[in-house]
Amino acid sequence: MDASGAQEYDRMQELKAFDETKAGVKGLIDSGLQKIPKIFVRPADELEEELNHKRAQIEVPVIDMGGLDKVDQHKQIVEEVRIASETWGFFQVVNHGIPLNVLDEMLDGILKFNEQDVEEKKKYYTRDNTRRVIFNSNYDLFSSRNASWRDTLTLSFSDPHQNDSKELPALCRKSAVEYSKHVEELGNILLALLSEALGLEPEHLRNMGCAEGHRLTTHYYPECPEPELTLGTAKHSDPGFFTILLQNQINGLQIFFQNQLVDVQPIHGALVINIGDLLQLVSNGKFRSNKHRVVANHLGPRISVACFFSGPINKDKVFYGPIKELISEENPPVYKEVLLQDYIMKFVTAGLDENFLLNYCKA
């Protein structure tokens with residue numbers, strides 16, 4: 001075996017050894033680790049490129065949703081959503097209707113799950129994507145260029161009758177069910193605003209199934225002894241229609257905007273909304289799905305809860321293409337129609353750092 005082959009073999013062994021602990025990145029920290037293992041170190045070309053990234057001291061738009069039921073304020077909110085979705089692909093919302101205690105209890109439940117006895121967590125550790133509850137570290141551990149510094153608990157709410165399920169971990173069951181109900185309602189409100197921002201009827205995107213089923217992907221980012229060498233989450237765009245993100249008060253989320261990096265500053269009680277690839281596709285490029293990442297940090301843990309709205313992914317023969325009302329001779333289709341299940345499978349089987357799905361969808 002040549003030198004490169006031996007190196008690749010060693011890497012695979014190290015990946016398997018890490019995965020088989022079922023303790024995740026937190027297990028490494030708990031062991032007293034002072035230097036990060038090689039599987040987490042970014043490639044040299046990426047680390048060199050990092051030196052060239054420009055930092056922008058600007059803020060992601062913050063939209064106040066209070067007064068949504070008043071005609072003038074409703075129009076103003078729709079306009080703010082339109083501008084943010086066409087330019088940034090990201091915005092934060094305040095006065096969104098989800099009580100502060102529901103947000104805080106959701107974050108606290110995820111903290112408690114990750115910081116409980118490791119033997120309890122191991123019961124949920126799996127790489128079987130069909131499970132309702134999935135705990136692991138790096139869904140793309142064996143396909144990405146390097147591992148990222150995070151552990152993840154995913155809770156699926158694709159079936160509306162699952163809300164009272166005892167399958168959910170006890171430490172975050174109550175808070176997850178409560179948050180899920182609220183975030184589903186907010187998702188439908190946001191879909192109506194996004195529809196109006198496209199010049200469509202408020203129910204248009206909802207009638208397309210964009211709000212059918214959602215999942216909570218919760219990330220636990222422990223403190224990192226060498227944060228400059230790795231990332232919490234690699235650069236990517238979200239594959240679904242849109243994402244609602246809850247985060248605690250530790251910085252980490254960065255957006256690539258106009259060839260610059262912008263930090264998304266946490267606001268207590270606010271939620272981060274970002275446009276996904278499918279919404280860029282069905283809007284025929286009018287809305288923007290922007291690339292983003294999470295940096296590692298000396299401070300921790302950073303906790304986030306991403307609610308992904310990706311459509312009816314468990315149904316057969318669901319196709320999405322540019323909305324016909326947005327197509328004309330002056331605005332021909334930019335993207336082709338895609339089969340939802342094929343589209344999602346491409347995301348699941350590739351490394352997160354390789355996932356630029358819209359390239360595959362070009363007309």
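This briefing covers a sheet, the helices on it and a set of salt bridges. The model is predicted: local features need pLDDT of at least 70, side-chain atom pairs count only at pLDDT 80 or more, and totals for chains, interfaces and linings use all residues. Residues are numbered from 1 along each chain as its sequence is written, and side-chain values use heavy atoms, with hydrogens and water left out.

**Sheet**

- Eight strands form an open sheet with mixed pairing, in the order β2-β3-β11-β8-β13-β6-β5-β4.
- Helices (H or I, at least four residues) and strands (E, at least two) are DSSP runs, numbered from the N terminus; two strands pair if DSSP finds at least two bridges between them.
- The edges are β2 (62-64) and β4 (133-136); each has a single partner strand, so one side of each is left without a neighbour in the sheet.
- On average, neighbouring strands of this sheet are turned by 20° against each other, direction ignored.
- β6 (residues 214-221) pairs with β13 (residues 302-309) in the antiparallel sense over seven bridges.
- Ser304 in β13 is the bridge partner of His219.

**Helices on the sheet**

- Helix α4 (residues 71-87) packs on the sheet and touches β2, β3 (90-94) and β11 (271-275); its direction makes about 165° with that of β2.
- Helix α7 (residues 170-197) also packs on the sheet, touching β3, β5 (151-157), β6, β8 (242-247), β11 and β13; its direction makes about 135° with that of β8.
- Contact means heavy atoms within 4.5 Å; axes are lines fitted to C-alpha atoms, for helices over the stretch in contact, and angles run from 0 to 180 degrees between N-to-C directions.

**Salt bridges**

- The count is 18 salt bridges (a side-chain nitrogen of Lys or Arg within 4 Å of a carboxyl oxygen of Asp or Glu).
- Arg145 and Asp45 form one of them, with the closest N and O atoms 3.1 Å apart.
- Arg145 lies in the loop between β4 and β5 and Asp45 in helix α3 (residues 44-50), so this pair ties together parts that are 100 residues apart in sequence.
- Arg145 also forms a salt bridge with Glu46, the closest N and O atoms being 3.5 Å apart.
- Glu46 lies in helix α3, so its pair with Arg145 ties together parts that are 99 residues apart in sequence.
- Lys324 and Glu325 form a salt bridge, with the closest N and O atoms 3.6 Å apart.
- Salt bridges that share partners join Arg42, Asp45, Glu46, Glu50, Arg55, Arg145 and Arg293 into one network.

**Accessibility**

- Buried means under 20% relative accessible area, exposed over 50%, and partly exposed in between (1.4 Å probe, protein chains only).
- Glu46 counts as buried at 16% relative accessibility.
- Arg145 is partly exposed at 42%, and Asp45 is partly exposed at 44%.
- Lys324 is exposed at 66%, whereas Glu325 is partly exposed at 44%.
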